[in-house]
Amino acid sequence: MVLVPGIGLYGVGSSPAASAIVADLAENAVRVVSDAEAIGRFEPLCEADAFDVEYWSLEQAKLKGAAVKRFAGHVVLVTGAGSGIGRATAQAFAAEGASVAALDSDGAAALRVAEEVGGLALACDVTKDRALADAFGKLVARFGGLDILVSNAGAAWQGRIGEVSDAALRASFELNFFAHQAAAKAAVHLLQQQGTGGVLLFNISKQAVNPGPDFGPYGLPKAATLALMRQYAIDYGREGIRANGVNADRVRTGLLSDEMLAKRAAARGLSETAYMAGNLLQREVTAADVARAFVALAKARATTGHVVTVDGGNTAAALR
Amino acid sequence: MHSRWSDAEAERTIARYAQIGINADVAVRIYTTRLLGSDPLLVLHGGGNTSVKTQAQDLFGTLQPVLCIKGSGWDMGSIEPGGLPAVLLEPLRRTQQLAALSDAEMVHFLRSNLIDANAPNPSVETLLHAFLPHKFVDHTHASAVLSLVDQADGRARVAETFAGDVGFVPYVIPGFRLAKLAAAVVAQSPGIVGLILDKHGIFTFAETAREAYERMIALVSRAEAVLAAKRVRSLVPAVLPQPLATPEAIAPIVRGACAGLAPPGDDRRVVLTFRSSPLILAYVSGAELAQYSQRGVVNQEQAAIAAAAARGRARCIQVSGACRRRRIRRALRRGLRALQRAPCREQDQA
């Protein structure tokens with residue numbers, strides 16, 4: 001536990017539940033010691049006896065067995081966590097022991113996923129600076145900081161690039177580029193406070209390197225986000241902050257709805273089934289596949305400025 | 001502190017458990033165990049334990065005297081029959097003749113006398129419960145009692161507070177020795193209704209669940225009354241630097257400093273839970289915080305629970321709430337380095 005004059009106390013633990021237990025014990029100690037000092041002088045168990053209890057064979061036995069998960073004590077913020085790839089990613093990190101904040105503009109969806117992963121729900125539109133700052137404040141209040149940002153929130157805009165309205169293109173840039181920048185910037189600020197390094201993960205898109213017809217309003221900001229990821233890798237590598245991205249393609253989510261799927265398949269002149277399995281492995285890519293790539297990148301200690309493709313194999317979308 | 005006993009609720013609990021074949025002794029034991037366990041001023045997170053001496057049927061349909069005692073890993077506030085494993089009472093009582101019994105032997109013996117081989121480990125205080133003659137035995141780590149016994153003159157304060165109604169047991173780590181010592185104190189003073197264990201907690205006992213529970217409430221209330229009446233001073237506040245930082249501004253720094261404790265290459269992390277209240281603020285802002293916060297843990301069980309939660313040594317670290325990041329970080333580093341140098345860490349690594 002950490003005691004801060006004028007402020008209060010922090011319970012420290014490997015999960016919110018464990019740190020809450022420490023905080024409960026701390027609160028109880030505060031009561032006992034305050035009362036003991038009020039009537040005399042607090043004289044607890046001597047150090048040697050306390051040591052004997054702590055390292056008592058019967059207590060040590062209780063500590064064994066429970067394997068510590070890879071991301072125990074790590075805090076992961078996933079934007080757009082209410083559905084699809086974001087939801088699968090929140091679940092994947094939680095399964096590895098992380099404390100997860102599920103952020104989504106759909107507050108009810110954020111709450112559902114937060115309940116699934118035993119995490120924190122943040123209802124927030126990532127394109128609104130004030131809302132994002134509030135969300136980061138709540139994140140810190142709940143967990144104390146951040147280790148991994150999965151900047152995933154996005155939406156698709158379509159239109160032939162010479163005909164698309166400026167408003168639509170700018171709206172897409174707001175969400176698919178500037179919101180990534182805003183989240184990454186806030187995350188980097190927190191990571192610098194901690195001095196621990198950390199990981200920024202971006203859901204980019206294969207559109208960034210292999211644009212499809214009439215998909216410019218989506219692909220252009222995504223290409224900028226690919227550059228953004230690299231810029232963070234370059235500018236913050238020396239502080240131990242890694243930045244990586246995932247280029248996924250054709251994953252059935254809220255973004256690639258059945259209606260959108262029909263349109264994209266038609267744009268490529270393919271049936272929907274052929275479109276979904278139109279890759280080297282000839283299998284449909286799932287949100288869970290993408291989530292696994294994010295987790296793998298979070299673990300890849302010596303990797304930064306990198307893009308992992310999760311598209312079933314597509315040489316046209318390969319990074320050169 | 002007031003009794004929350006309700007005849008109607010006790011009867012409802014007994015009726016409910018009767019439907020799944022649980023006897024009335026165990027059912028009413030569950031009822032008052034939950035009453036005690038749901039009050040954080042009495043027990044916290046798996047702390048405390050209770051028992052009842054009753055009968056259980058063995059494989060041959062014979063009723064055997066058993067001790068149903070709280071099992072390891074169960075929380076009193078949410079106890080169920082599975083959390084009160086039945087242990088054959090006679091073998092437990094026979095161990096009182098032994099001169100010594102190691103912890104490992106004791107745990108093995110307790111397990112080998114369980115009615116259900118799959119039951120959780122009976123409490124490490126099982127023998128103490130078994131050696132007492134009373135049917136219902138309740139044990140808590142009541143905060144008010146700890147404030148009385150966490151004093152150099154704990155014995156005198158207990159005598160003054162409770163007159164001849166309780167026995168005083170000097171500090172001994174739980175297990176066989178403590179059980180024998182407690183039984184000896186009770187044997188010497190058959191009229192007592194409870195035991196105060198130095199630096200540890202309180203036991204009450206009786207022939208009915210209600211009486212054992214209400215004795216606990218009555219004794220703890222007496223300790224609370226003494227705390228309220230005998231206040232001779234309050235914590236002197238320190239002069240705090242201004243302006244103060246916010247909890248959110250400090251948290252990432254604390255978190256980062258804790259991460260720095262892990263060996264190189266190990267990116268272990270922690271999460272923080274922040275708490276504040278007028279009581280907490282008076283405590284953390286006291287001029288003598290560095291003294292009273294570092295003297296030790298309030299009772300023996302807390303050292304163990306905190307260690308389990310933190311999976312490491314539990315210790316208080318004091319940093320200034322001043323709005324200067326570098327100062328906070330420096331203070332934390334100093335505190336954490338001291339933590340690493342603490343003797344138990346060295347033994348841990350040895």
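## Strand pairing, a helix and the chain contact

In strand β5 of chain A, the residue that A:L103 has as its bridge partner is A:L122. The model is predicted. The two strands concerned are β4(A), residues 99–104, and β5(A), residues 120–123; they run parallel and are joined by four bridges. Helix α5 of chain A, residues 107–117, together with β4(A) and β5(A), makes a right-handed β-α-β unit.

A second pairing crosses from one chain to the other. Strand β2 of chain A, residues 8–13, runs antiparallel to β8(B), with five bridges between them. Within β8(B), B:T273 is the bridge partner of A:G11. The two pairings are set out below.

| Strand | Partner strand | Direction | Bridges | Bridge pair |
|---|---|---|---|---|
| β4(A), residues 99–104 | β5(A), residues 120–123 | parallel | four bridges | A:L103 with A:L122 |
| β2(A), residues 8–13 | β8(B) | antiparallel | five bridges | A:G11 with B:T273 |

The contact between the chains takes 74 residues from chain A and 78 residues from chain B. On chain B, the elements that give two or more residues to the side touching chain A are α4 (103–112), α6 (143–149), α10 (247–259), β8 (271–275), α11 (278–284), α12 (289–292), α13 (300–310) and β9 (317–318). Helix α10(B) supplies the largest share of that side, eleven residues. By class, the side of chain B that touches chain A holds 49 nonpolar, 16 polar and 13 charged residues.

Chain B as a whole has 15 helices and nine strands. Of its 350 residues, 47% count as buried. Among contacts in chain B between residues at least 6 apart in sequence, 65% join residues at least 24 apart.

Chain A is divided into domain 1 (2–63) and domain 2 (75–317). The C-alpha centres of these two domains of chain A lie 41 Å apart.

Helix α11 of chain A covers residues 287–299. This helix has 13 residues and reaches 19 Å from its first C-alpha to its last, close to the 18 Å expected at 1.5 Å a residue. Which residues of α11(A) are buried? They are A:A287, A:V290, A:A291, A:A293, A:F294, A:V295, A:L297 and A:A298. An α-helix has 3.6 residues a turn, so residues three or four places apart point the same way. The cover over the buried residues of α11(A) includes helix α4 (84–95) and the strands β6 (148–151), β7 (198–203), β8 (241–248) and β9 (306–310), which belong to chain A.

Notes: Residues numbered from 1 in each chain as written. Chains lettered and ligands numbered in written order. Predicted model: local features only at pLDDT ≥ 70, side-chain atom pairs only at ≥ 80, totals over all residues. Expected span 1.5 Å × (residues − 1). Buried ≥ 20, exposed ≤ 12 C-beta atoms within 10 Å, placed from the backbone. Contact = placed C-beta atoms within 7 Å. Nonpolar A, V, L, I, M, F, W, Y, C, P; charged D, E, K, R; others polar. Pairing = 2+ DSSP bridges. Right-handed = clockwise from strand over helix to strand, strands pointing away. Domains from an automatic or database assignment.
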